Amino acid sequence: MSQRPIYLDCHSTTPVDERVLNAMLPYFTQHFGNPSSISHIYGWEAEAAVKKARETIAVAINATPEEIIFTSGATEANNLAIKGVAEAYFSQGQHIITVQTEHSAVIDPCNYLKTLGFEITFLPVQKDGIINLKELEKAFRDDTILVSVMAANNEIGVLQPLAEIGAMCRERDIIFHSDSAQAIGKIPLDVQAMNIDLMSLTAHKVYGAKGIGALYVRRRNPRVKLASQQHGGGQERNIRSGTLYTPQIVGFGKAVEISLETQATENEFLAQLRQSLWEQISQLKGIHLNGHLNKRLAGNLNISVEGVDGSALLLGLQPIMAVSSGSACSSISTAPSHVLTALGHSEKLAYASVRFGIGRFNTVEEINQVAEHFVSTVESLRKQAVMV
Ligand SMILES: *Cc1c(COP(=O)(O)O)cnc(C)c1O
């Protein structure tokens, strides 16, 4: 059997950590109760486990447990936040500010709201991928009800200045939402210090299972109103109905717990691997780093390569490494990444780009192997291009 390629696509998903899996397993077969069942021990056990996970996640972002609403992931959390605010506050205004480089799970709900009559401002980013706060300042209007800016970008890993944005929103009494799917467990998040009112989270980017996430909804100073987008049994304070997925929630809590404990050392380790990868790859000519050099996730490296065809490059890399191309989250689509074009890249350069997502389980040896193969692939593609 041939060896499987080295996994370097941790922004798209991560493997479930064994410790997370072990925490989850008893909740499938043994403690399988419905956390909403209040009349027997099966329900109480499940409820206790959910409560513990809720507390862990709340502590991780400096919120209270009642402010955590479990969802099926960050896509649902973003939809709930954006549409839920739009519906609850539309009589106060119909203008929303977000950013060109957001995940499609923010951009698409905003575009949907446009069809209902809302106005959306998509802020540009600077060459380093970070928004200009002066542009935000200019974008505020009297009828702005919501600002949505992600914590860490899923393609180029850059970190937006959440505390500054939060302060500007609070000054104007505008609700601030942050898609923090890539940030939870990886960088410090504090909804109080950062004045964040709504925060979308997901488990599967931080070694938890797929299909579970949460929306933080501020209850105090101010209390954020949210129109439910899913009606039914009244779970999650009537904001998000549906039987809670106990095993996934338990795993989410465990994943966050582990990440908080290991964050500092893990970031150091990831930054070392990334630095080594970058040093080896950038010995090639015509390699561009996408996004700010330091204000980014430790495990992220996103580069554009001159003089090679994007799909040929990916094809050449495939046997050795699992990475994403410029059109990251929708690899089926051939359009260049909206994130890279927002940085001001030409379409061609945006095509020939590679996103490396280094994670907890990668090793120094793997990074060396990847770097070596990357360099030789680019060199041979360039040689072929000259011969044609
Ligand atoms: C992965 C991701 C999402 C989608 O999260 P799911 O839990 O898969 O729905 C949303 N936003 C960002 C920034 C992401 O990286």
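**Entry 1: helix α12.** I looked up the span of helix α12, residues 364–387, and compared it with expectation. At 1.5 Å a residue, its 24 residues should span 34 Å; the end C-alpha atoms lie 35 Å apart, which agrees. I note that this is a predicted model.

I then asked which residues of α12 are buried. I found I367, V370, A371, F374, V375, T377, V378 and L381 to be buried.

**Entry 2: α12 against α8.** I next looked up how helix α8, residues 246–281, packs with α12. Their axes are 9 Å apart, and the angle is about 20°. Angles under 35 degrees count as roughly parallel, and α8 and α12 are therefore roughly parallel to each other. I recorded their crossing as right-handed.

I listed the residues in contact. From α8 these are L273, S276, L277, Q280 and I281. They meet V364, I367, N368, V370, A371, F374 and V375 in α12. Among these, I367, V370, A371, F374 and V375 stand in my list of buried α12 residues.

**Entry 3: α4 against α5.** I turned to a second pair, helix α4 (residues 74–89) and helix α5 (residues 104–115). At what angle do their axes cross? They cross at roughly 30° and come within 9 Å. By the same cut-off of 35 degrees, α4 and α5 are therefore roughly parallel to each other. The crossing of this pair is also right-handed.

On the α4 side I noted T75, N78, N79, I82, K83 and A86 as contact residues. On the α5 side they meet A105, V106, P109, C110, Y112 and L113.

I then checked which way the residues point. In a regular strand the side chains alternate between the two faces of the sheet. In β13, S353, R355 and G357 point one way, whereas V354 and F356 point the other way. The residues of both groups are buried.

**Entry 4: partners of β13.** I looked up which strands are joined to β13. Strand β10, residues 300–305, runs antiparallel to β13 and is joined to it by 5 bridges. Within this pairing, N300 stands opposite G357.

Strand β12, residues 324–325, also runs antiparallel to β13, and 2 bridges join them. Which residue of β13 is the bridge partner of S325? I found V354 in that position. Both G357 and V354 are buried, and they point opposite ways from β13.

Note on methods: Residues are numbered from 1 along each chain as its sequence is written. This is a predicted model: local features need pLDDT of at least 70, side-chain atom pairs count only at pLDDT 80 or more; totals for chains, interfaces and linings use all residues. Side-chain values use heavy atoms; hydrogens and water are left out. Helices (H or I, at least four residues) and strands (E, at least two) are DSSP runs, numbered from the N terminus. The expected span of a helix is 1.5 Å times one less than its number of residues. Buried means under 20% relative accessible area, exposed over 50%, partly exposed in between (1.4 Å probe, protein chains only). Two strands pair if DSSP finds at least two bridges between them. Axes are lines fitted to C-alpha atoms, for helices over the stretch in contact, and angles run from 0 to 180 degrees between N-to-C directions. Angles under 35 degrees count as roughly parallel, over 145 as roughly antiparallel, 65 to 115 as roughly perpendicular and the rest as oblique. A crossing is left-handed if the near helix is turned anticlockwise from the far one by less than a right angle, and right-handed if clockwise. Contact means heavy atoms within 4.5 Å.
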